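Here's a quick tour of a structure, moving from one local feature to the next. Have the model open alongside as you read.

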Amino acid sequence: MTWPPRSDDFLPLRDALVWAHKHSPYYQRLLDAAGVHPADVKTYEDFRRRVPRTAKADLVANQREHPPFGEFLAVPRERFGSLHTSPGPIFIPRLPEERGGTPVLKEAIAAMGVLPGEVAHITLSYHIMPGGLRLHRAFEEAGCLVINGGTGASQLQVEVARAWRATVYAGTPSFLANLGDTAKQMGLDPRRDLKYRVGFSTAEALTPQLRRELGELFGIELFDHCGEAQIGPLAGECRVHEGMHLHARDLFCEFLDPETGEPVEPGGIGEIVATQLGPRALPLVRYAPGDAFRLLPGSCPCGDESLRIVFIGQVGVIKKIKGVLVHPAQVHKVTSSFPELGRFQIVVDHPAGQRYDRAVLRAGTVTPPPDAEALKRSLAEKLKANVLIQMDVELVAEAEIPEAAGGPRFAETMVDRRHRS
Ligand SMILES: [Zn+2]
């Protein structure tokens, strides 16, 4: 699909809506109550304005009330091919033909330059959750020899990767760092004794620092990927490494302004809302897991025309300040380049008689800065350049900032005083 969608992207979406309404008691009730007759929905605009969203909490609550699968279920149990569970727990049955995201993962693997015959070492969990098995199947179908490493047992994993001369790593960047430490403790040189050439990095943020450190340690080129437990793989990097290309062949993904619900153009920040296309054991329509992405404008030098996205964070902590959507993770990227700084809060208010909001960054210091004024100036300049808004900066001891303001959840980072009387 393309974003914003073209008219021919809409037809599979309407088919999915018709199918979910016909087979899933949950969607039949939801759409009937909203007065939506799926066959009469003619355009994407119509779909967006009239079809209600499904939040993760709706799925969890409905499965609690009607265990184990809830009223979302669209096929009898005899047709299930597999049964996955994601944290919650949320039970996710799948039809054999759904193939759990394997086709798009194969494309993501090809985009990394992985060749048939390479040895791929998978270190995501194979237990209960879908991640490890899904990647295993995709690498197998891509023609690789696959090591089912799973999690933990780092020493054994190093031995196996070394014995098999694994050239492809797939898993979290932190576990790769762990394998590097383990290899060194075993008296090995990670770059010489392990042969990792490319890495499929997922399930965790791949920070520029981790990418650089792991690149130096192993001589590995890491490719960032993201997905979501219920809707599967979403996007992955190409060899240009500027944002992740949206795979979305069996998903219709919307990117909407978290405050207005309007479609976001490339260049903006949008909340993802996804509808699964094609028959599903447990179909999800306008499913909103609560994740926000920045959409990159322009086309990628690699020639792949698909939209590129950058994960920002959970949508609940985003605030619009002076007309710009701001996520604490963007501010954290800036503050983390100053070793004197730790947790922070962003206080937004609208001073009486003033035309604009005012934003104050209360930056917690872990060590007293040698020149506080210079630090404040430099911080304000970097914020303006990276987050695109002007903030006043206050330095306070880190102990004055609540622990819950820390990442990656940033639950108490944003303090909005604009609507108080
Ligand atoms: Zn590209």
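Let's start with one residue and its neighbours. Leaving aside residues up to four places away in sequence, Arg94 touches Phe80, Gly81, Ser82, His84, Gly100, Arg134, Ala229, Gln230 and Ala281. Keep in mind that this is a predicted model. Arg94 sits in strand β3, which covers residues 90–94. Its relative accessibility is 6%, so Arg94 counts as buried; the cut-off for that label is under 20%.

You'll find Ser24 in the loop between α1 and α2.

**Two helix pairs**

Helix α1 (residues 7–23) and helix α2 (residues 25–33) have axes that come within 5 Å and cross at roughly 110°. The two are therefore roughly perpendicular to each other, since angles of 65 to 115 degrees get that label. On the α1 side, the residues that meet α2 are Leu17, Ala20, His21, Lys22 and His23. Their partners in α2 are Pro25, Tyr27, Gln28, Leu31 and Asp32. Sorted by class, that contact has five nonpolar, three polar and two charged residues.

Now for another pair, α7 and α8. Helix α7 spans residues 154–163 and helix α8 spans residues 173–185, and their axes cross at roughly 85°, coming within 9 Å. That makes α7 roughly perpendicular to α8. From α7, the contact draws on Ser154, Gln155, Gln157 and Val158. From α8 come Phe175, Asn178, Leu179, Thr182 and Ala183. By class, the contact of α7 with α8 divides into four nonpolar, five polar and no charged residues.

For reference, the ideal angle for four tetrahedral donors is 109.5 degrees.

Take Cys238 and Cys302 as a pair: they link distant parts of the chain, 64 residues apart. Cys238 is in the loop between β9 (232–237) and β10 (244–246), and Cys302 is in the loop between β14 (291–295) and β15 (308–314). Is each of these cysteines buried or partly exposed? Cys238 counts as buried because its relative accessibility is 6%, whereas Cys302, at 37%, counts as partly exposed.

The loop between β9 and β10 also holds His241. His241 isn't a glycine, yet its phi is positive, at about 60°. At 25% relative accessible area, His241 is partly exposed.

Ile128 is another non-glycine residue with a positive phi, here about 65°. Ile128 lies in the loop between β4 (119–122) and α6 (131–141). Its relative accessibility is 63%, so Ile128 counts as exposed.

| Residues joined by a cis peptide bond | Omega |
|---|---|
| Pro67 and Pro68 | about -5° |
| Gly88 and Pro89 | about -10° |

As for where they are, Pro68 lies in the loop between α4 (56–65) and β2 (82–86). Pro89 is in the loop between β2 and β3, and β3 is the strand that holds Arg94.

Finish at Pro370, in the loop between β19 (358–365) and α12 (372–387). Pro370 counts as exposed because its relative accessibility is 82%. How many residues and how many Å lie between Pro370 and Thr151? They are 219 residues apart in sequence and, from C-alpha to C-alpha, 44 Å apart in space.

Notes:
Residues are numbered from 1 along each chain as its sequence is written. This is a predicted model: local features need pLDDT of at least 70, side-chain atom pairs count only at pLDDT 80 or more; totals for chains, interfaces and linings use all residues. Side-chain values use heavy atoms; hydrogens and water are left out. Helices (H or I, at least four residues) and strands (E, at least two) are DSSP runs, numbered from the N terminus. Buried means under 20% relative accessible area, exposed over 50%, partly exposed in between (1.4 Å probe, protein chains only). Axes are lines fitted to C-alpha atoms, for helices over the stretch in contact, and angles run from 0 to 180 degrees between N-to-C directions. Angles under 35 degrees count as roughly parallel, over 145 as roughly antiparallel, 65 to 115 as roughly perpendicular and the rest as oblique. Contact means heavy atoms within 4.5 Å. Ala, Val, Leu, Ile, Met, Phe, Trp, Tyr, Cys and Pro count as nonpolar, Asp, Glu, Lys and Arg as charged, and the others, Gly among them, as polar.
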